[in-house]
Amino acid sequence: MEIKNSSAPLGAEITGLDLAQPVDDATFQTIENLFHERGVIVFRGQNLTEEEQIRFSRRFGDLEIHVATQCLRPGYPEILVVSNILEGGKPIGLADAGQYWHSDLSYLRNPSRCSLLLAREVPEAGGRVLGETLFASAAYAYDTLDPDLRAKLQPLVAVHGYSYRYQLQNAAGLRGALSQDQLKTVPDVRHPVLCRHPITGRNVLFVNEGFTHSLEGVAPEEAQPLLQQLFDHITRPEALYEHHWRVGDLLMWDNWLVQHRAIRNYELPLRRLMHRTTVAGVLKQ
Ligand code: OGA
Ligand code: MN
């Protein structure tokens, strides 16, 4: 197994490891330590079945079943299909996942520990793979906050919500509306703007463009520019790792430590098919 860090403040690549085989405890510990430090790991060359992806993902904790149940892989509710492919005119998965900066499941009281995304088909044109994914470090964002701003943020609590974003994304009606029962499972939640990573204790700036829509007790005309300033700070170019996909990449990211965003620079007939497993959060600090 070979490890190579990216030149950004996040991201590492592991080659020479076959995750279809059981991973021994010592190897797993090396992976987990690296993951806590770098926030994003890509395992190259993983030709995994659904069962194998689920089994490896479970090493990190229980798996979530996504609220958008119409996008789950039939027979494997732990797998969320992220794809632009249509079958019989209908999307087989989330067709427009994450085209804004976000952290998966920050809208839950107990946000996801991490997500694992396996590339099964990637769109290619002119010898170049399209559909890159960008990652930004929320720990680096915290560390580089201006001290006066950090002091101002210390007492603030942000409100995160899924239905807010879903409605924005579903303007074209492509996804189908969420049912009342689905909506009930995702009420707005509150998280401090400055959090500690629940496992490592690392400080992070925990607001994201996708799901953070307000600050508790702060008027919108004051909250919106402040949130925008924080979103801009988190996603400065120097804080980014840009992932260029290959079929067989299994990419995992820490939803406390990093945020991500999908680049939609391809359309059918170019196909993109990804399978996501999502690890539930450990209890909050
Ligand atoms: C996700 C996501 C981005 C992408 O699966 O959570 O945001 O590039 N995906 O597919
Ligand atoms: Mn996402």
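Is D104 buried or exposed? D104 has 4% relative accessibility and therefore counts as buried, where buried means under 20% relative accessible area, exposed over 50% and partly exposed in between, with a 1.4 Å probe and protein chains only. The model is predicted: local features need pLDDT of at least 70, side-chain atom pairs count only at pLDDT 80 or more, and totals for chains, interfaces and linings use all residues. Residues are numbered from 1 along each chain as its sequence is written, chains are lettered from A and ligands numbered from 1 in the order in which they are written, and side-chain values use heavy atoms, without hydrogens and water.

**View 1. The site of the manganese ion (ligand 2).** H102 (NE2), D104 (OD) and H260 (NE2) coordinate the ion at 2.1 to 2.2 Å. Donors are N, O and S atoms within 2.8 Å of the metal (3.2 Å for Na, K and Ca); water is not among the atoms, so sites may look incomplete. The spacing of the donor residues in sequence is H-x1-D-x155-H. H102, at 5% relative accessibility, counts as buried.

**View 2. An open sheet of three strands.** The strand order is β17-β11-β19, with antiparallel pairing. β17 (240-243) and β19 (258-262) are the edge strands, each pairing on one side only. Strands (E, at least two residues) are DSSP runs numbered from the N terminus, and two strands pair if DSSP finds at least two bridges between them. Five bridges join β11 (residues 133-137) to β19. S137 has V258 in β19 as its bridge partner.

Key:
Helix = DSSP H or I, 4+ residues; strand = E, 2+ residues; numbered from the N terminus.
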